Amino acid sequence: MAKKRPQTKAKQPQLKDGEIPVVGAREPCPCGSGRRYKACHGRAAAHAVTELVHRPFEGLAGECDWVALRELVPAATVELHLKEGLPEGVPSVTLATVLPMAWPALRREDGSVLIGLQNDTASGDISRDLADTLQRALTSEPGNPVQGRRAPADGPRLQDLLTPEGPFEPVVHEGFEFWVPDAQNANTEVTASLERANAAAIPTVKLSGVDAAYWCETPDKNHLRWVMPHGEEQLLDALARLHAAGRSSLGEGTRLVGSFRAHGLTVPVWDLPTGVTAEDVEKPAAEFAERLADALAADTPLTPDERRARGGLTNRQVTLS
């Protein structure tokens, strides 16, 4: 049997980390190491993509409202303000809870940009994914949606693009007509998506007297869901003090029933009787905010009753993200 001729391979150029492109997981790594991409530079890239950022909206104006619009509010918009100002040909940039067909972003015919907040994201850092979508939307052709993709691991975050001082002022809508300037002339796909979204939207109102508190109406009862900026342990202690003292409600027939965890923040939830409107809870919510401030300032150990109350609140916590 003839001997096999030894195979020789051309030596690949060595690349710096910042120059290495993304390739298929089983392909040779472009760095020239001879290993597969997934076992070489792909390992760090995968880690950067999957690493979860606990508080992705920290440092942004209105962090609590960002969380509410991401997880709790069906239809809302907010005008965004860029550090570098608006590029030529872009009259406005607007954050929306959701866009038709779940588009990540849309560049309208007039050049304005809409960014969808409630989409699935490819990495563990929502802020980086949204920043990548925003940058691509600013330079896309008017009249086109922007498709989702995996954001570069070293790309900017929203905190790098948006002004930190705000303002961040959500406008809650009854439906999704803000999607299109002229809903009557929208195409069939958008019209159908609009009808489905409007049918599923839960009536929601943002309270005006306190920050990031949202009333919503459901068939069985109403609720108040209030995103709070305090540390989780400190907030649960304070809520437990009030709950044990019988001071955690928002008036007759209302009850603090638990809380959500969402993007590093805690969201206490109250059940409200069906007839209680958003306007009805404005004053009780403001009064509760004062009681909560006092409870947050307390530094004495929890009493046995307060510890039991805290345990009950903890057991009724649901993690949204």
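This note comments on the fold, sheets, helix packing and backbone geometry of the structure above.

1. Basis of the model. The model is predicted; local features need pLDDT of at least 70, side-chain atom pairs count only at pLDDT 80 or more, and totals for chains, interfaces and linings use all residues. Residues are numbered from 1 along each chain as its sequence is written, and side-chain values use heavy atoms, with hydrogens and water left out.

2. Overall content. Eight helices and 12 strands are assigned in the chain; helices (H or I, at least four residues) and strands (E, at least two) are DSSP runs, numbered from the N terminus. Of the 321 residues in the chain, 45% are buried, where buried means under 20% relative accessible area, exposed over 50% and partly exposed in between, with a 1.4 Å probe and protein chains only. Among contacts between residues at least 6 apart in sequence, 60% join residues at least 24 apart; a contact means heavy atoms within 4.5 Å.

3. The sheet containing S1 to S6. Six strands form an open sheet in the order S5-S3-S4-S2-S1-S6, and the pairing is mixed; two strands pair if DSSP finds at least two bridges between them. Strand S5 (144-146) and strand S6 (171-172) each have a single partner strand, so one side of each is left without a neighbour in the sheet. Strand S1 (residues 76-79) runs antiparallel to S6, with two bridges joining them, and Thr 77 is placed opposite Val 171 of S6. Helix H3 (residues 126-139) lies across strand S2 (93-96), strand S3 (105-107), strand S4 (113-116) and S5, at about 160° to S4. Axes here are lines fitted to C-alpha atoms, for helices over the stretch in contact, and angles run from 0 to 180 degrees between N-to-C directions.

4. The sheet containing S7 to S12. This open sheet of six strands has the order S7-S8-S9-S11-S10-S12, again with mixed pairing. Its edges are strand S7 (204-206) and strand S12 (317-319), each with a single partner strand, so one side of each has no neighbour in the sheet. Neighbouring strands of this sheet are turned by 25° against each other on average, direction ignored. Strand S10 (residues 255-262) runs parallel to S12 and is joined to S12 by three bridges; Phe 260 stands opposite Val 318 in S12. H6 packs on the sheet, touching S10, strand S11 (265-272) and S12, and the direction of H6 makes about 25° with that of S11.

5. Strand S11 and its partners. Eight of the eight residues of S11 are buried. Leu 265, Val 267, Val 269 and Asp 271 are buried on one side, and Thr 266, Pro 268, Trp 270 and Leu 272 on the other. S11 pairs with strand S9 (residues 222-226) in the antiparallel sense over four bridges, with Leu 224 opposite Trp 270. The antiparallel pairing of S10 with S11 extends over seven bridges and places Ala 262 opposite Leu 265.

6. H6 against H7. Helix H6 (residues 232-244) and helix H7 (residues 278-297) pack at an angle of about 115°, with their axes 9 Å apart. H6 is therefore roughly perpendicular to H7; angles under 35 degrees count as roughly parallel, over 145 as roughly antiparallel, 65 to 115 as roughly perpendicular and the rest as oblique. The contact involves Gln 234, Leu 235, Ala 238, Leu 239, Arg 241 and Leu 242 of H6 with Phe 288, Arg 291, Leu 292, Ala 295 and Leu 296 of H7.

7. H6 against H8. The axes of H6 and helix H8 (residues 304-315) come within 8 Å and cross at roughly 120°; the two helices are therefore oblique to each other. Residues of H6 in this contact include Glu 233, Leu 236, Asp 237 and Arg 241, while those of H8 include Asp 305, Glu 306 and Arg 310.

8. Positive phi values. Most residues other than glycine have a negative phi. Met 101 has a positive phi near 55°; Met 101 lies in the loop between S2 and S3 and counts as partly exposed, at 29% relative accessibility. His 263 also has a positive phi, of about 55°, and lies in the turn of the S10-S11 hairpin, which has two residues between its strands. His 263 is buried, with a relative accessible area of 6%.
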